[in-house]
Amino acid sequence: MANPPLPNIPWEERPAGCSEIVWRYSANPIIPRNLIPSSNSIFNSAVVPFHDGFAGVFRCDNKKRDMNLNRGFSKDGITWEMENDPIEWQCDDPEIGWFQYRYDPRVLWLEDRYYVTWCNGYHGPTIGIGYTFDFENFYFLENALLPFNRNGVLFPRKINNKYVMLNRPSDNGHTPFGDIYLSQSPDLIHWGEHRFVMGVKGGWQSTKIGAGPVPIETPDGWLLFYHGVLTSCNGFVYSFGAALLDLDHPWKVLYRTGSYLLSPQTYYECVGDVPNVAFPCATLYDPPTGRIAIYYGGADTVTALAFAKMDEVLDYIKSTSEL
């Protein structure tokens, strides 16, 4: 399994008296909405190990409220320096290279480069795929699927000699529905062999669900953190839970949390441009210690950090599972 040690993973021990499987960083939010002069908000962002520190692609909505992606760097995964200007994507095809909007990125190392997926505006929301070798130059590869689709999340290696991506068919607005599907590709451009993965259930995940961070490979299956939405009398509420997917047939769900792992309960999760949102987009994992750091957006306004331990997460998924 390609999960190298990450001894410099950001980490804070579980607070005394806390029994939660996932606990919040005490100094959240780690990225305020106004970290850079141009930003209205910075949230739903993706982080990966890079050299002796970390790099990331961040959703930055500017003061015109354009939704775009900026790059950033950090020594410790907590304190970030971010470019004020959005990433400039090099694209050979002007038909798809123009900008409408870009948001909610995921980033991963796959084979020989860092791939980025995001919700890309092309006559409606679809899934853009691009890559970088160095977080200096970024190349836009293609829109993976037809509109309308969101939450495109690549697996970190080929499965059965195919690239695999989770996604969620949607609509052109604030989608009041949504299940997780899986698509397969020989080349990251042509996608097909679509498979249903899992749908909505009751309670915290009764309106729609969507894949979160890049799945983590474990001996028990692919660990997928995912967001779930319920519709309250005051609007959508975004929480997140987790599932285990079969290693060789990842559209098969082995276990799935009946209860959420984290729901919006703190001020920075409940108050912001979109209240009541905890939206995970990235994880870091250190196999020797089992430590997991989870990056998530708070209230569509700021970026926050939470922690968990692999063995506890796996035990919780199995013990509370409701398929």
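**Exercise 1. The lining of the largest cavity**

Task: In this predicted model, find which helix and which strand each supply at least two residues of the lining of the largest cavity.

Solution. Step 1: list the lining, which consists of Ile 96, Gly 97, Trp 98, Phe 99, Arg 102, Trp 118, Asn 120 and Phe 140.

Step 1: compare these numbers with the residue ranges of the elements. Helix H1 covers 94-97 and strand S8 covers 113-121, and each of them supplies at least two lining residues.

Step 2: sort the lining by class. It has 5 nonpolar, 2 polar and 1 charged residues.

Step 3: The largest cavity holds about 30 Å³ of space, and a search of the whole structure finds 1 cavity of 30 Å³ or more.

**Exercise 2. The partners of strand S10**

Task: Determine in which sense, parallel or antiparallel, S10 pairs with S6 and with S9.

Solution. Step 1: take strand S6 (residues 89-90) and strand S10 (residues 138-143). They pair in the parallel sense over 2 bridges. Within this pair, Gln 90 is opposite Tyr 139 of S10.

Step 1: take strand S9 (residues 125-132). Its pairing with S10 is antiparallel, over 5 bridges. Gly 128 has Asn 143 in S10 as its bridge partner.

Step 2: look at the link between S9 and S10. The two strands form a hairpin with 5 residues between them, and Phe 135 takes a positive phi near 60° there.

Step 3: Backbone hydrogen bonds pair the strands of a sheet, and the sense may be parallel or antiparallel.

**Exercise 3. An open sheet**

Task: Give the strand order of the open sheet with 4 strands and name its edge strands.

Solution. Step 1: the order is S11-S12-S13-S14, with antiparallel pairing.

Step 1: an edge strand pairs on one side only, and this applies to strand S11 (149-154) and strand S14 (192-198).

Step 2: neighbouring strands of this sheet are turned against each other by 30° on average, direction ignored.

Step 3: check one pair. Strand S13 (residues 180-185) is joined to S14 by 4 bridges, and the two run antiparallel. Gln 184 is opposite Gly 192 in S14.

**Exercise 4. The surroundings of Thr 320**

Task: Locate Thr 320 in its helix and list its contacts, leaving aside neighbours within four places in sequence.

Solution. Step 1: Thr 320 belongs to helix H3, residues 310-320.

Step 1: a polar atom of the Thr 320 side chain lies 2.8 Å from the backbone oxygen of Tyr 316.

Step 2: with neighbours within four places in sequence set aside, Thr 320 is in contact with Arg 256, Thr 257, Gly 258 and Ser 259.

Terms used: Residues are numbered from 1 along each chain as its sequence is written. This is a predicted model: local features need pLDDT of at least 70, side-chain atom pairs count only at pLDDT 80 or more; totals for chains, interfaces and linings use all residues. Side-chain values use heavy atoms; hydrogens and water are left out. Two strands pair if DSSP finds at least two bridges between them. On a 1 Å grid over the protein atoms alone, a cavity is a set of points where a 1.4 Å probe fits but cannot get out, and a pocket is an open set with protein on both sides within 12 Å along at least five of seven lines; lining residues have an atom within 4 Å of a point. Grid points are joined across faces, edges and corners, and a volume is the space filled by probe spheres set on the points. Ala, Val, Leu, Ile, Met, Phe, Trp, Tyr, Cys and Pro count as nonpolar, Asp, Glu, Lys and Arg as charged, and the others, Gly among them, as polar. A polar contact is a pair of N or O atoms within 3.5 Å; within protein, one must be able to donate a hydrogen and the other to accept it, and residues adjacent in sequence count only if both atoms are side-chain atoms. Contact means heavy atoms within 4.5 Å. Axes are lines fitted to C-alpha atoms, for helices over the stretch in contact, and angles run from 0 to 180 degrees between N-to-C directions.
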